[in-house]
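Subject: Structure handover

Hello,

Here is the structure for you to look through. My notes on it follow below.

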Amino acid sequence: MNDDMSRAAHPHARRAPRGVALDHREDADRLFAVDDAARTRPVSIVAERRLGETDLALYPFALGTGRLAVVDEDAAARVLQRFAARGGALYDVVDEDGSGRSQQIVGAWLQANRPAKVVTVLTPSPERDGGRATGGARIVRSVEAALRRLRLDHIDLLTLDLRGQDLTLDQRLGAVDELVAAGKIRFAGADGVTGAGLIEARVLAGDGLARIVAVRAGWDVTSRPSELAELRMIAAAQQLGILPDATPLTLALTRPSLPQKVLAGWTRGARPDRPSDSDEPRAATRGCQRATEVLAGRGREHRIALALDRVSAELGIAPAMTQLAWLLAKRGVVAPVVHVTRPEQIDPLMDSAAVRLTRAEMLELDRAVEAQR
């Protein structure tokens, strides 16, 4: 049966985003062999998402630029160019290593290229950039230092790290008010915040201080749901946008954990819970069953790996893409923040926004993630 006849017979069959389908006969790393100069490659249309109750509408993927400090400027420029060419606009410009180099690279590139849309997210470093200032003035000084390195006149979203005890919440929000009045930031978000912290911030906003509109949180498939339940519930109640720091999921569980012949068996429909009529699918089913039993017996992370492998094999995409698609299906998530250092990593990760998981696939992944051990 040719491709046209196959599509006619299965009109509702889903296909992976163009250009990143997984060939099970090849190594999974071949997924990232994408020509970063192919700017006119046809892509799926992805709807922008609004950040909380702001006027910021964004492609649902944020580029973490902090690690660009470890690559040369040409490579960093190719990463930034590819991201902008694909429609990306949200840049997380945190100074991850404390050198300021990544912000200088981003600032120079933005000034030279002037992309059509730029939305910046900054978590300031008062300890380093605050100088001898005290109180909220340390935050003001640190933002001003970052703006000089970035060659920008303002930051769109300033995410305050609330984990430190050196400043009170009202001091932090007071500094935000000062920066907003000076036109140096537009909105405020929170990082390292608890549900109780969000409630306190909303009370202070009612007294006239700056309002939190977004939350940064470490969140990927290995995170314990119970640790995020309160934060997600309160963020939803306050209509806050969630920006998960999803970088760990690009480093772990990216390569399939199971043999390629087992993955190939799943793509042919030979799943452990599905009967077969021929010898070959039966063999693949037995292999799937054995792999299921072995991995499920190793603990929670292996259950997650197994579920990711199975769903990814059926979709024909890499597990890293499946993880991002799962994350984007969660309520309140606006854009995962992912750090990359190579331009060829951009396309597969951004294409995750076009992947639509079925209810059954979401349930399979959720069960693995929610396993106690």
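Which residues of helix 15 (residues 359–369) are buried? They are Glu 361, Met 362, Glu 364, Leu 365, Asp 366, Ala 368 and Val 369. Buried means under 20% relative accessible area, exposed means over 50%, and partly exposed is in between (1.4 Å probe, protein chains only). The buried residues of helix 15 pack against helix 8, helix 12 and helix 13. Contact here means heavy atoms within 4.5 Å. Helices (H or I, at least four residues) and strands (E, at least two) are DSSP runs, numbered from the N terminus.

Before you read on, note that this is a predicted model: local features need pLDDT of at least 70, side-chain atom pairs count only at pLDDT 80 or more, and totals for chains, interfaces and linings use all residues. Residues are numbered from 1 along each chain as its sequence is written, and side-chain values use heavy atoms, with hydrogens and water left out.

Overall picture

The chain has 15 helices and 10 strands. Of its 373 residues, 53% are buried. Take the contacts between residues at least 6 apart in sequence: 77% of them join residues at least 24 apart.

Nonpolar cores

A nonpolar core is a set of buried Ala, Val, Leu, Ile, Met, Phe, Trp, Tyr and Cys residues joined through side-chain atoms within 4.5 Å. The largest one has 80 residues. Within it, Leu 63, Ile 139, Leu 158, Leu 198, Trp 326 and Leu 357 touch the most other members. Helix 13 (residues 319–328) gives the most to this core, with seven residues. A second, separate core has 15 residues, including Leu 51, Leu 56, Leu 157 and Phe 187.

Look at Leu 158 in particular. Setting aside neighbours within four places in sequence, Leu 158 is in contact with Leu 122, Pro 124, Ile 139, Val 143, Val 176, Leu 179, Ile 185, Phe 187, Ala 188 and Gly 189.

Helix packing

Axes are lines fitted to C-alpha atoms, for helices over the stretch in contact, and angles run from 0 to 180 degrees between N-to-C directions. Angles under 35 degrees count as roughly parallel, over 145 as roughly antiparallel, 65 to 115 as roughly perpendicular and the rest as oblique. A crossing is right-handed if the near helix is turned clockwise from the far one by less than a right angle, and left-handed if anticlockwise. For residue classes, Ala, Val, Leu, Ile, Met, Phe, Trp, Tyr, Cys and Pro count as nonpolar, Asp, Glu, Lys and Arg as charged, and the others, Gly among them, as polar.

Start with helix 5 (residues 137–150) and helix 6. They pack at about 45°, with their axes 8 Å apart. Helix 5 is therefore oblique to helix 6. The crossing of helix 5 over helix 6 is right-handed. Ile 139, Val 140 and Val 143 of helix 5 meet Arg 172, Ala 175, Glu 178 and Leu 179 of helix 6. By class, that contact has five nonpolar, no polar and two charged residues.

Now helix 6 (residues 169–181) and helix 7 (residues 195–206). Their angle is about 55° and their axes are 11 Å apart. So helix 6 and helix 7 are oblique to each other. Helix 6 passes helix 7 in a right-handed crossing. Leu 169, Asp 170 and Leu 173 of helix 6 make the contact with Gly 197, Glu 200, Ala 201 and Leu 204 of helix 7. The classes are four nonpolar, one polar and two charged residues.

Single residues

Thr 120 lies in strand 5 (residues 119–122). Thr 120 counts as buried because its relative accessibility is 2%. Thr 120 and Ile 155 are 35 residues apart in sequence, but 5.6 Å apart in space, C-alpha to C-alpha.

Ser 312 sits in helix 12 (residues 300–315). Ser 312 is buried too, at 2% relative accessibility. Beyond four places in sequence, Ser 312 is in contact with Ile 317, Ala 318, Pro 319 and Thr 322.

Two loop residues deserve a check of the backbone. Arg 151 is in the loop between helix 5 and strand 6 (155–161). Its phi is near 60°, a positive value in a residue other than glycine. Gln 239 is in the loop between helix 8 (225–237) and strand 9 (241–245). Phi of Gln 239 is likewise near 60°.

Best wishes
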